[in-house]
Amino acid sequence: MHCINMLPQYRLSWLSFFMVLFHLAGADVGTATFYNPPYLPSACYGNDASQFPSNNLFAAAGEGIWDNGASCGRQYLVRCLSAAEPKNACVAGRTIQVKIADRANSSVSRPSRAGTTMVLSVSAFGMIANTAAMEINIEFQQV
């Protein structure tokens, strides 16, 4: 009887394994940095503050994903892979979902580094990495 009770957990762990494997297979890699308020106006929605998710997990698109503004409103899963400094800057095993709300090149608040794939809100960046890191390597996938 004890073995039967463990069967659903076994299936769930395999299901989780395949979900992670599938997630990694379709992901891209790039770099991310962060920016602080003010976030308005944005290239996507102007002065509309309702554009930002209530959890503050949003980003500005770098030129590689900007897509002439088509990236506005897109959702991405983002995970920190590594950082040059400080070592161990990434929050292990944490993936967040962000909404593109701006364009990095024209954001009101300047990113901590230019030329990255994404510029995360300081809240989003802090969820996956230590904000002492000026730039991180990320894995990202459009949802």
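Tutor: First, the term: a salt bridge is a side-chain nitrogen of Lys or Arg within 4 Å of a carboxyl oxygen of Asp or Glu. This is a predicted model, where local features need pLDDT of at least 70 and side-chain atom pairs count only at pLDDT 80 or more, while totals for chains, interfaces and linings use all residues. Residues are numbered from 1 along each chain as its sequence is written, and side-chain values use heavy atoms, leaving out hydrogens and water.

Student: How many salt bridges does the structure hold?

Tutor: There are three.

Student: What does R103 pair with?

Tutor: R103 pairs with E63, with 2.8 Å between the closest N and O atoms. The two lie 40 residues apart and link distant parts of the chain: R103 is in strand β4 (residues 95-103) and E63 in helix α2 (residues 63-66). Helices (H or I, at least four residues) and strands (E, at least two) are DSSP runs, numbered from the N terminus.

Student: Which residue forms a salt bridge with R74?

Tutor: D67 does, its closest N and O atoms being 2.8 Å apart.

Student: And where are R79 and E139?

Tutor: R79 is in strand β3 (residues 75-82) and E139 in strand β6 (residues 136-142), 60 residues apart. Their side chains form a salt bridge at 2.9 Å, N to O. E139 is buried at 9% relative accessibility, whereas R79 is partly exposed at 24%.

Notes
Buried < 20%, exposed > 50% of the residue type's maximum accessible area, 1.4 Å probe, protein only.
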